[in-house]
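The following note sets out several points for a student who is reading this structure. Please keep the sequence and the model in view while going through them.

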Amino acid sequence: MSRGVLQAVGLVRRYGGLTAVDHVDLVAPPGMITGLIGPNGAGKSTLFSLLTGVEQPDEGKVMLGTTDISKMRPDIRSRRGLVQTFQVPSLFPTLTVADNLLVGAENRRRDYAGGLLGLSAPGRGRTSRLAEGVLEKLGLAPKGPVTQVVEEVLESLGLSDVRDTIAGTLPTGALRLVEFARALCARPDILLLDEPASGLDAEETAKLSELLRRTAAEGVGILIVDHDVDLVFSVVDQVYAMVGGRVVASGDPQEVRGDPTVRSVYLAQAPLAAAASQPGEA
Amino acid sequence: MTTATAELRLADARAGYGTVEVLHGLDLAIPAGKVTALLGTNGAGKSTTLRVLAGLIPLRSGTLTWRGEDITRMSTVDRARRGLMLVPDERAVFATLSVRDNLQIIAETSGHPDITPALESFPRLRERLAQRAGSMSGGERRMLALARALLARPSVLMVDELSLGLSPKVAADLFGWLATVAASGTTVLLADQYTDQALAMADLVYVLHRGERSFVGTPAEFTHGAAATPA
Amino acid sequence: MTSIDLALAGISLGAIAALSGIGLLVTYRTNGVLNLAQGGIATLVAYVFREMVVEWSLPKWLAAVIALCVLSPGIGLLLERLVFRPLARRRASAAESLVASLGVLVLTLGITAGIWGLGSRSDAPSIFPASSVRLFGDTRIGIDALVELLMVVVFAVALGLVAAKTAFGRQIRAVVDDRQLAELSGVPADKVAAAGWAAGTTMAGLTGVLLAPRFQLTPYGLTLLVLETFAVVVAARLASMPVAVLTALGISILQSELKQFTLHGDAGQVLTVLQSNLFIVALLVLLLAVPRLRELGGGDSGATASFSSRGAPPSGRVGAARTRQDYLGRLAGAGLLLAPLTFAPTDLRSAFMVPALGLIFLSMVIVTGYSGQLSLGVAGFAGLGALLSIKMANGDLFGLPAVPGIWAMFIGALLVAPVGFVTGYPAIRRRGLTLALTTFAVGAVVSRFVFEQPTFASGLYLDPLTLFGWELSDKAFYVFELFCLGLGLLVVRNLHQGRLGRALLAVRDHSGGAAAVGVDVRNLKLLAFTVSGVVAGLGGTLLVHSSYSFNADDFAPLQSLLWFTAVVVFGADSAVGAIVAAAFIVTIDVLAPDGTSTLAIGILALALGWMPGGLASAVRGMLRLLAQYLADSFVDPNQRAPRPVPVRISAVGHLPATTGITGSTGIPGIGSTLGAARAGHYARWPLSAAPATVPFSDARLTPFGAELVAMVHRYAASSRAVGVAVGVETSARAGVPSPAPPPDGGSFPGGGR
Ligand SMILES: Nc1ncnc2c1ncn2[C@@H]1O[C@H](COP(=O)(O)OP(=O)(O)OP(=O)(O)O)[C@@H](O)[C@H]1O
Ligand SMILES: [Mg+2]
């Protein structure tokens, strides 16, 4: 299944003298949860921006399936199945939750052509089998107009209660969940999540972790950045660890967790002497 | 109250936003020179409490006293100048200013215009003195915010969600750093949901629930109580 | 004159432009406000100075001290305290501050014109002696130019040093960046901001006093002149003082040098216009060439979501309920619009302007209210639409055959589409102030190079309109206008509802987030500008037909600013507000002396600090408060939640804008969206807690009370942003049994949960 694999090939991004992302290669296959960990400032968010087109790489390219998408605008990449949530939630604050989701659903790739002007009937055109499968298994198969998809996503994420609430009035936990729901409505092949658990309390985090598993089980590829190590290691199938813009370890979660660099630089499990001597950061 | 000398005392405080009241008559006494943890789930009113203490939100009723003096009506600036320091959970650095300026401003207003102590505690900042604070990563911004608090030499330090967006190691380091600050006699008030680390260093624990106090006691009492009735 | 003489003549004007630019930069860098009122303040001070010297015969030095050291900074302090501090406290966007400064501009113009009239005066005194010094040979330079140049250097260096080298400079930057955080850091933000304003307005006053003797002193002329110096700050990218100074001198000298040339034919005409309009042209060229202004606050400062308190009409059930409720309002509106048909002929003719202006305002609702772009060039679009349609009707357009009047109107309006499209193009990459200035410059260039040129704008004649051979009577024309307005409303409605409306609002609210889910941000912006251009063009033609003549002044660049202010004041995202604004302006213009409507709008704009979201949202808020009050009086008092104490809106200004929402009702005591933002936070989470519809029966209401509360909730749900506060509050305090322990206050330690 080569369609939908997200691949970074030798990505580089420099800011002045600082190389924020330094020759990063990464593969995020569909149906799997890929973790991306690393200390603050390692370049994780920057890498996300490069993948989604918010920023342009200085070197390297981004592949989605067999297509080189490096030159495409973010909205086009999104319509091709690469959907992102942000470290700072990016909902449309004056719209209701339902309308936020509708925006996601209405602009997804299959309906897009001519759809902006209301020319295309909902559900018209070629639909990706993958996305259909995902939605079907989630119980979200498009039974009717887009509103139905939204309704079903709301239902399955337990958001029905707030469907008519103005998004801007929601607390952090809900914001993140709604942003996640909005991304789901866009029927992604690959979902990029930047710190989805930040600011969530324990209960909300547990809920999120379950959602992640469910989504991946339906065939969506997930790339997740988060500092909640327990969450990350409990859901991922593979992990990349970045330090100073470079990937220093990758692969099996347990191996990465045991990696000495990761332990000393990222997890607070280094030999005591090292931790004490450097209060700031190595 | 629990301790003889209360640094800050909030009595029957009501506050909120617009027509909505968030704190419904909260009583709080922050002991001097100790670490107090303010715990609660999202939406319990922790940040609102801290903003009330810092003077960002006016009290609708109730009083706030600081070492016995009524400061309910004192402006934010005056509170800050007299050593009451809040590190908010967001917008805690001047995004368009350089790292150096961010540090220098606070150093100058506190009367000790030397920023080296901050750079010693947070070496990462030394490499980034000229960088615009807004372009730093989420975690780096958090470090800068705390470095500023360090330079302010406050007598009361209030931190909202210390560990927000920080990698485990940095979070652990910062809790350690905060412990040294507290050990030097500064009164510390910590709002957090990361209960483990906050509990470990706290002398007194308050738990807020929907704008009201639902628990006050020592960490040990909290752990036992929590074990009996999971909150 | 030789080149050198011309250059020296240019220097003096350049120095004044530089001073104006320095003033603009000072206000912007200290307060984040691009002070469009700079020209108005300059004019006011210049008039007062003249009054003191000429009418009261005060010695010049004394008058100068009063004007520049007392009056000018005084104006700044007053503005800061009354207008801009409230805005800053509630973290208003730069766009709102821009509108407030427009309000100040309009107000100062109104005051000046009201006291001294619109006539021009040529006896403005100069503070310098009219002597000159010899440089070399026959070349002499005036004392004034020398002193002005000296002042520029001194101010630029001094201010530059303060900004870059002192602690105060750092504090200034901190305050503009984040006032709340500055206060938390112990920086006295109010004082710093006030100092910045005082310095800025002093420079403005100085500009006025220096400029006045060089030109005829008229309220509008001088104001525009100062507005043109915006080119200088754009070249400086809103940041660099030295660049501003050099640009001012450069443009001015170049403009002066152009005087030696004469050309014939069309080129000659262009040259003539260039000779006096180089600043405006430079403004446009620079805006298109300069990649990005160094706007404060990450360049997002122009986002206009803050003008609006609500999003799209909700989809689904709530929307349907709301539509039903709205029918009454629509009927009433339609009735009012039809009323002029019963008027006497002269009154009916006055009413012609309402639908025309209404359409122009609607075009701004599309661009500014719905898609969040600042557009200050609407008069240009309207005027182009008018001009093109008349020319087409006259058979005078690119050799095309004459087209009957009515069809020419529509074709003319459609021909504006490409212009709108092209103006929208820069909007893809630009936003905020850059975009505002770009659109202003487009409007100004069109005005100077097209509307004011005899080649284009003379020899026009308006034939009576005919439809299928029948000449339109006054009444029929008015009905036709209403038909056009209806068309406009239909367009607006389609842009605001359904998928397109949501997508536009998504772009307005968070363009990054919109792109992340596949919304085509670029094409949507272009679409908004194009459609808006057409609607404005149609409005423009109607305007010309209702006043029976094409008058370049009707479409002057200042007009755009006034119209924009009116639209924002009446609620930028409200189609009804746009039409009410038009009716308001026309009615006042008919009933009251000239300029009263301008003054009224200026005053309303100043009140924006206390009235976020404009009048439309204030009215919405009032209705809600009333409904809630009624409902509350019918709730069993024992069951009623403790009544929250209303707070001043400024308190809300202290909130971090966590969720990015900026709209709010803005009436003291009425829940602002921001407030509600936190309300949801505290009241209704986790999600599983309570169903959205609150079980009202729990609150034990009187039956009538229950019905009323239900109504409030329906209203709250439909008026959305403002409504949430009610919904949430009731669900938390009345509906759901509170799990919190009894408030006996002493249930610790260990006893609680
Ligand atoms: N526009 C910019 N100019 C200069 N440096 C930048 C810019 N954007 C990012 N950086 C730097 O690039 C590095 C990587 O930043 P990035 O935001 O990707 O980190 P991150 O891994 O997401 O960290 P965190 O976990 O704290 O969010 C940081 O050191 C940051 O300071
Ligand atoms: Mg990041």
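1. Burial in chain C. The model is a predicted one. Chain C has 753 residues, and 60% of them count as buried.

2. Fold of chain C. The secondary structure of chain C consists of 31 helices and four strands. When contacts between residues at least 6 apart in sequence are considered, 78% of them in chain C join residues at least 24 apart.

3. Domains of chain A. Chain A is divided into domain 1, made of residues 1–81 and 188–282, and domain 2, made of residues 91–187. In the contact between the two, domain 1 of chain A contributes 25 residues and domain 2 of chain A contributes 20 residues. The area buried between these domains is about 1,900 Å², with carbon and sulfur atoms giving 65% of it. On the side of domain 1, the residues that lose the most area to domain 2 are Arg79(A), Pro188(A) and Glu218(A), which together account for 33% of what that side buries.

4. Interactions between the domains. What polar links are found across the interface of domain 1 and domain 2 of chain A? Two residue pairs are in polar contact there, whereas the count of salt bridges between the two domains is zero. On the domain 1 side, β7 (190–194) and α8 (202–217) of chain A each supply at least two of the residues that touch domain 2. Helix α8(A) gives the most, with six residues.

5. Chain B against chain A. In this interface, 22 residues of chain B are in contact with 25 residues of chain A. The buried area is about 1,900 Å², of which 52% comes from carbon and sulfur atoms. Asn42(B), Pro168(B) and Lys169(B) supply 30% of the area that chain B buries against chain A, more than any other three residues. There are zero salt bridges between chain B and chain A, but three residue pairs are in polar contact. Helices α5 (123–127), α6 (138–152) and α7 (168–183) of chain B each give two or more residues to this side, and the largest share, five residues, comes from α7(B).

6. A salt bridge within chain A. Over all chains, the count comes to 34 salt bridges. One of them joins the side chains of Asp230(A) and Arg257(A), at 3.5 Å from N to O. Asp230(A) lies in helix α9 and Arg257(A) in helix α10 of chain A, 27 residues apart. Asp230(A) counts as exposed because its relative accessibility is 55%, while Arg257(A), at 25%, counts as partly exposed.

7. A salt bridge between chains. Glu108(B) and Arg170(C) form a salt bridge whose closest N and O atoms are 2.5 Å apart. Glu108(B) belongs to helix α3 of chain B and Arg170(C) to helix α6 of chain C, so this pair joins two chains.

8. Glu80(C) forms a salt bridge with Arg179(C), with the closest N and O atoms 3.4 Å apart. The pair links distant parts of the chain, since Glu80(C) in helix α3 and Arg179(C) in helix α7 are 99 residues apart. Glu80(C) is buried, with a relative accessible area of 2%, and Arg179(C) is buried as well, at 11%. Salt bridges that share partners join Glu80(C), Arg85(C), Arg89(C), Arg179(C), Glu183(C) and Asp190(C) into one network.

Methods: Residues are numbered from 1 along each chain as its sequence is written. Chains are lettered from A and ligands numbered from 1 in the order in which they are written. This is a predicted model: local features need pLDDT of at least 70, side-chain atom pairs count only at pLDDT 80 or more; totals for chains, interfaces and linings use all residues. Side-chain values use heavy atoms; hydrogens and water are left out. Buried means under 20% relative accessible area, exposed over 50%, partly exposed in between (1.4 Å probe, protein chains only). Contact means heavy atoms within 4.5 Å. Domain bounds come from an automatic or database domain assignment. Buried area is the accessible area (1.4 Å probe) that two parts lose on being put together, summed over both. A salt bridge is a side-chain nitrogen of Lys or Arg within 4 Å of a carboxyl oxygen of Asp or Glu. A polar contact is a pair of N or O atoms within 3.5 Å; within protein, one must be able to donate a hydrogen and the other to accept it, and residues adjacent in sequence count only if both atoms are side-chain atoms.
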